[in-house]
Every structure is written in C-alpha cells, then in structure tokens.
Amino acid sequence: MSDTQSDELSLGEMLARAGITQKKIAEKAKVSPAAVSLVVAGKSKSQRIEDIIRKETEKALTEGQEA
C-alpha cells in the first residue's frame, strides 16, 4: 500500500481491509482497546497508535499478497 493510498483510507478502513482488530493494535501499542477505538473514530489523536495501525496494516496486506 502506498503512502497516498493509506492517506486516502480512514484508519478503520485500513484495519478492515487488513483484517486486523482494534484489540490486536491495542495489544501491540500496550494501550486499552478503548484508546484505539477513540483514535480510529477520530475523537482522540495519537501519532504512535496511528503509526502502529499503518505499519501493521501494511505488513498484513503485503504478506497477504505474497501468499
């Protein structure tokens, strides 16, 4: 996924396309699922959580293409 593609998709859409749950992101980020939910909904900002979402979704989608 290119940077422009990920910029066009919402964080929630990125997670859905990659088949990743907010709970998995929360575990990776060592935060509560509620914190991830707030970021995905746009009600809170966390560059760290957003970066983890982008990294994990890109990794999942890249691995899916290789299979």
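Mentor: Contact means heavy atoms within 4.5 Å. Leaving aside neighbours within four places in sequence, Ile 25 is in contact with Leu 15, Ile 20, Val 36, Ile 49, Ile 52, Ile 53 and Glu 56. This is a predicted model, in which local features need pLDDT of at least 70, side-chain atom pairs count only at pLDDT 80 or more, and totals for chains, interfaces and linings use all residues. Residues are numbered from 1 along each chain as its sequence is written, and side-chain values use heavy atoms, with hydrogens and water left out.

Trainee: Which elements make up the secondary structure of the protein chain?

Mentor: Helices (H or I, at least four residues) and strands (E, at least two) are DSSP runs, numbered from the N terminus. Here the protein chain has 5 helices and 0 strands, in the order α-α-α-α-α from the N terminus. Among contacts with a separation of 6 or more, 52% join residues 24 or more positions apart.

Trainee: Which residues touch the most other members of the largest nonpolar core?

Mentor: A nonpolar core is a set of buried Ala, Val, Leu, Ile, Met, Phe, Trp, Tyr and Cys residues joined through side-chain atoms within 4.5 Å. Buried means under 20% relative accessible area, exposed over 50%, and partly exposed in between (1.4 Å probe, protein chains only). In soluble globular proteins, nonpolar side chains tend to be buried together. In this model the largest such core has 14 residues, of which Leu 11, Leu 15, Ile 20, Ile 25, Val 36, Ile 49 and Ile 53 touch the most other members. Two or more residues each come from α2 (11-18), α3, α4 and α5, and α2 gives the largest share, 4 residues. Of the 67 residues in the protein chain, 27% count as buried.

Trainee: Is Thr 57 buried or exposed?

Mentor: Thr 57, found in helix α5 (residues 47-66), is buried, because its relative accessible area is 0%. Not counting residues up to four places away in sequence, Thr 57 touches Met 14, Leu 15, Ala 18 and Ile 20. A polar atom of the Thr 57 side chain lies 2.8 Å from the backbone oxygen of Ile 53, and the backbone oxygen of Arg 54 lies 3.1 Å from a polar atom of that side chain.

Trainee: Where does Lys 30 lie?

Mentor: Lys 30 lies in the loop between α3 (22-29) and α4 (33-40). Lys 30 counts as exposed because its relative accessible area is 75%. Its phi is near 55 degrees, a positive value in a residue other than glycine.

Conventions. A polar contact is a pair of N or O atoms within 3.5 Å; within protein, one must be able to donate a hydrogen and the other to accept it, and residues adjacent in sequence count only if both atoms are side-chain atoms.
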